[in-house]
Amino acid sequence: MSRWLLVLLSMVFLPTPTHATARFGEYPTVEFAPAQGQTFTIPIVLDQAAEIEIDLLTSDGDHVRTLRSDQALPPGTHHLVWDGQDEAELVVPDEAYIPVLKSRSSDGGEYLFDPRQDSGGEVVDDLQVEITPNRDIAYTLPASARVLIRAGIKGGPMLRSLATWAPRGPGKNIQRWDGRDANQLVDLRAEQDLSILVTAFRLPKHAIITSGHPKMTYRDYRLQMQWPEPVRVAVEKDMLNRGEQRLSRHYYAPRFQDADPRITIALSQDLPHDDEGLPVVTLGQSVPVVANIDDNDRWLMNESLYEVAFFIDHQFISEEEQGYLPLTWLWTVNGLSPGKHLMTVNVAGFSGKVGVASLFFVVKTL
């Protein structure tokens, strides 16, 4: 049985102990910036004297660091401090880390509390999304959660991915945005049919969020640590509920895959170009359009087939429901007025990832 499957089983099926000798206290904050020298204090409440230990895990279940008390501690509230470093004294990248609490009382009793046993994955329904006066995106979380934010056109293409299941703390959050699409071609805030998608699911209770790392991504960190890639497990229907609470299917995905692929779009290289360097097409012409994925991002789209949709000026034009990449679409130019137009491609994987790319082109009459 794979390590990732064991992690999933512990998240879904293991019972929570009813008699605890130790528990987490309330955090004064859920986030800190270890790359800037900050530390995180974890409060532990003991009902009886015990030795305590906290295993800090990535959200993919990999062991990062163990914090221990030097001796048995008396009943009451105690604190263990994490400096944001792993066992190799590397500052961990921006992510959410799960503390697993272990205690051993003087009578030999042992207790383990894993927050993933009874929390995490709950769908957040009311995010109170709004556009701020600075045209940023504001939303409110009732608890720490992973957030997906996308910008696009109602009934049209997705044009920018702003956060892909990024961990965020409770309260009002602000997503900074320059208003532009993924290729920095157009200001979407001027679009009448602008659509902002914000959706979220809760992190396990007591998760600790790190931020502010200037260099290393979570995926780079996992590769550096040479941890095996978690195996994606098929999510059964009974895994999507905990009592009356709905759980997000995305909760069970490997977190190191939380990114959207970089997509490219190009018209035939044989086309003429205008003074701005834009490709020029004529009405009635057949033009090869090539959509592709960055070689470094192919691992993100682990399916062999994708839905590839093409749009012109935000209007749907064509779709290949079982397309491979690279894909060449033979486009017959018609129904367009002379002048500059925008072509967009959306590449959607079956796991919910969407890559987007756009380009300007010019239509001229013969």
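What follows covers the nonpolar cores and then the salt bridges of this predicted model.

## Nonpolar cores

Start with the largest nonpolar core, which has 32 residues. Phe24, Ile42, Ile44, Ile54, Trp82 and Ile208 are the ones with the most contacts inside it. Strands supply two or more residues each, among them S1 (22–24), S3 (40–46), S4 (50–58) and S16 (208–210).

Neighbours within four places in sequence aside, its contacts include Ala22, Phe24, Ile52, Ile54, His78 and Leu101. There's also a second, separate core of 27 residues, with Ile263, Ile265, Ile293 and Leu327 among its members.

The structure has 25 salt bridges in total. In one of them, Glu51 pairs with Arg104, with the closest N and O atoms 4.0 Å apart. That ties strand S4 to strand S7 across 53 residues. Glu51 counts as partly exposed because its relative accessibility is 39%, and Arg104, at 41%, is partly exposed too.

Asp55 and Lys102 form another pair, this time with the closest N and O atoms 2.8 Å apart. Here Asp55 sits in S4 and Lys102 in S7, 47 residues apart.

Glu110 is exposed, at a relative accessible area of 59%. As for Asp55 and Lys102, they belong to a salt-bridge network with Glu53 and Arg68.

How values were computed. Residues numbered from 1 in each chain as written. Predicted model: local features only at pLDDT ≥ 70, side-chain atom pairs only at ≥ 80, totals over all residues. Heavy atoms only, no water. Core = buried A, V, L, I, M, F, W, Y, C linked by side-chain atoms within 4.5 Å. Buried < 20%, exposed > 50% of the residue type's maximum accessible area, 1.4 Å probe, protein only. Helix = DSSP H or I, 4+ residues; strand = E, 2+ residues; numbered from the N terminus. Contact = heavy atoms within 4.5 Å. Salt bridge = Lys/Arg side-chain N within 4 Å of Asp/Glu carboxyl O.
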